[in-house]
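Work through the exercises below with the sequence and the 3D view open. Try each task before reading its solution.

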Amino acid sequence: MKSHRYEYRKYVIGGIAMVIVLSYITRLAFLQLSDGEYKKSADNNAFFNKVIFPARGVIYDRNGELLVFNQPAYDVMVVMREVHNLDTLDFCKTLGMTKEQFDERMNLIKDRNKNPGYSPYTPQLFMNQISSQEFSILQEKLFRFHGFNVRERTIRRYATDYCAHVLGDVAEVSQKEVDNDDYYDPGDYIGKQGVERSYEPELRGIKGVEVLLRDARGRIQGHYQNGKFDRKPVPGKNITLSIDAKLQALGERLMEGKMGAIVAIEPKTGEILCMVSSPSYDPHRMEGKQRGAQMMEMQRDPMKPMLNRAISGTYPPGSTFKTSQALTFLQEGIITPSTAYPCYRGFVTHGMRVGCHGHGSPLPLIPAIATSCNGYFCWGLYHMLNNRTNYKTIQEAMTTWKNYMVSMGFGYKLGVDLPGEARGMIPNAEYYDRRLGKWNALGVISIAIGQGEVTLSPLQIANLGATIANRGYYITPHVVKAIEDGQIADSLKVKHYTKVKKENYELVVEGMRKAVLGGTCRSANTTMYEVCGKTGTAQNRGKDHSAFMGFAPKDDPQIAIAVYVENGGFGATFGVPIGALMMEQYIKGELSPGSEAKATAFQNRHIDYGTRER
């Protein structure tokens, strides 16, 4: 009988051979079609993709004054696989570095924990921002240093020594930023703060590339297919800010030696005319290689110069907030223009007392605004929260009050086109239910005069001024006026109407005008145009904060402004005169000789904050 033992064996051997062949074919297909590392190796043997960085868009003020521009810079790049026969000592001498520094940088590049995107086949950043002189010396010797090349790019330079918080700065991307956006590679630069950050997609442009052909020894032979696959870079878009550079410079000058902020807005458009945060810093400190060390130094400064107090600082608004209360009480029918409340040196009832300064009593609404009467507005809120005809419960009354505040731009971010905006605090019924349990109007009465739990940013206080100037609406405040070949976002053009009718705003405007003619804002009065204003003296653990909110001219508002000086005392001490100087500068285009003398005096008036942490 014939045995099939050996006949089956040939099929087994054939099957094994077929599996081996299929395995090799599958692996080869994977390497050629899927494995990126293999593809990089193959491509880099024949090609060198030279990235061409676009010029970043420049930044101007509203009058065309250049604020931020570009300057040529050079990065030294290395492809590790191509480094051979390197004269390390000559290379280090050329770049002014030690052998130890060279080894440290090479090891850092190859460390995948610290450089996750590392590949020996692609260019890696060895040294950034070498000077033009260093570049010239290196360029002459570059043919000796196989694997190294120079990448041309630009770095940011600032034309002024002010406006740092608005402009922001540019620095090297983090690994997280590389992972989140395919545009970036390690060593690229990105806007980190201010306009540079919020308008990064418009400013950065689009990278270009030159596909260069290599010979068998890796030497560049020219453009592949005569540049058929090259792509030119697209420059970033230029941006025009709404900031008035001269107004900004004056504001920073007036705030020297003081902590606080100034924000000015053009009411008709929502364009921010100046945004001062003090103390500030010279934007030149954030240029080039020095940025890291300078940033660490400022972060350790107890005065926090990097904090943009104009949008990130939140403060009790004090008596500037009384205008919002008047509008709410009028609209809800709690008061009429003729409603008069007593003020016996403040609000006094049921053992509760909120102090006030001396003035006539009782008094109606417009004089109450002009004299900044605490008693009047405390009585208004007291009667609103205790009104059981309009509201079934105190919680319903409180919710109604809160909704008016939200409609005026309080309690939430306004949406300014800058990073870091704070929302401030407007308490609601749930907050007091949770915090106080059973509560009544007397327990929360201080919010009527901008104290207690209420906090606003200087931007929100300025926006209140713009809303009153517009008689009932505001446009989202923004610092960018125009983008080259494009438009600002539609959301920055929409009118946001409050819950209050125009006729009630007219009454508040009249009260603010009376405050300038003979009330707490008398030092802002001028014959050049009609100013409307409201002071604020916000209580604090230490000395009171000095605040001012106003606009001018009364019937054709060109500027609305908020000034907030920490520990500056009464609103009339710092807030009003600084606000008056800023309005004159913008409306008239310059300060009169007398006003210039006042500006110099305020520039030299410093407040002693000690060295405590803020």
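**Exercise 1. Decide whether phenylalanine 91 and phenylalanine 102 are buried or exposed, then describe how their rings are arranged.**

Step 1. Phenylalanine 91 and phenylalanine 102 are both buried; buried means under 20% relative accessible area, exposed over 50%, and partly exposed in between (1.4 Å probe, protein chains only).

Before going on, note what kind of model this is. It is a predicted model, in which local features need pLDDT of at least 70 and side-chain atom pairs count only at pLDDT 80 or more, while totals for chains, interfaces and linings use all residues. Residues are numbered from 1 along each chain as its sequence is written, and side-chain values use heavy atoms, with hydrogens and water left out.

Step 2. A pair of aromatic rings is described by the distance of the centres and the angle of the planes. Rings of Phe, Tyr and Trp (its six-membered ring) pair if their centres lie within 6.5 Å; planes under 30 degrees apart count as stacked, over 60 as edge-to-face and the rest as tilted. The structure holds 21 aromatic pairs. For phenylalanine 91 and phenylalanine 102, the centres are 5.8 Å apart and the planes stand at 75 degrees, so this pair is edge-to-face.

Step 3. Phenylalanine 91 belongs to helix 3 (residues 88-95) and phenylalanine 102 to helix 4 (residues 99-110), so the pair ties together parts that are 11 residues apart in sequence. Helices (H or I, at least four residues) and strands (E, at least two) are DSSP runs, numbered from the N terminus.

**Exercise 2. Phenylalanine 102 also pairs with phenylalanine 126: classify this pair and locate its two residues.**

Step 1. The centres are 5.8 Å apart and the planes make 50 degrees, which is a tilted pair.

Step 2. Phenylalanine 102 is in helix 4 and phenylalanine 126 is in strand 4 (residues 124-130); the pair links distant parts of the chain, 24 residues apart.

Step 3. Phenylalanine 126 is buried, as is phenylalanine 102.

**Exercise 3. Find which residues of helix 4 are buried and what covers them.**

Step 1. Start with the length. Helix 4 has 12 residues and spans 17 Å from its first C-alpha to its last, close to the 16 Å expected at 1.5 Å a residue (the expected span is 1.5 Å times one less than the number of residues).

Step 2. The buried residues of helix 4 are Phe102, Met106 and Ile109. They cover an arc of only 60 degrees around the axis, which puts them on the same side of helix 4; the arc is that of the directions from the helix axis to the C-beta atoms.

Step 3. Glu100 and Glu104, on the other side of helix 4, are exposed.

Step 4. The cover over the buried residues of helix 4 includes strand 3 (66-78), helix 3, strand 4 and strand 5 (148-158).

Step 5. Threonine 88 is found in helix 3 and counts as buried at 17% relative accessibility. Apart from its neighbours within four places in sequence, threonine 88 is in contact with Lys99 and Phe102, where contact means heavy atoms within 4.5 Å.

**Exercise 4. Describe the burial of strand 20 and identify the strands joined to it.**

Step 1. Strand 20 (residues 559-565) is mostly covered, with seven of its seven residues buried.

Step 2. Ile559, Ile561, Val563 and Val565 point one way from strand 20, while Ala560, Ala562 and Tyr564 point the other way.

Step 3. Two strands pair if DSSP finds at least two bridges between them. Strand 11 (residues 260-266) runs antiparallel to strand 20 and is joined to it by six bridges. In this pairing, alanine 261 stands opposite tyrosine 564.

Step 4. Strand 19 (residues 545-552) is also antiparallel to strand 20, with seven bridges. Phenylalanine 551 has alanine 560 as its bridge partner. Strand 19 and strand 20 form a hairpin with six residues between them.
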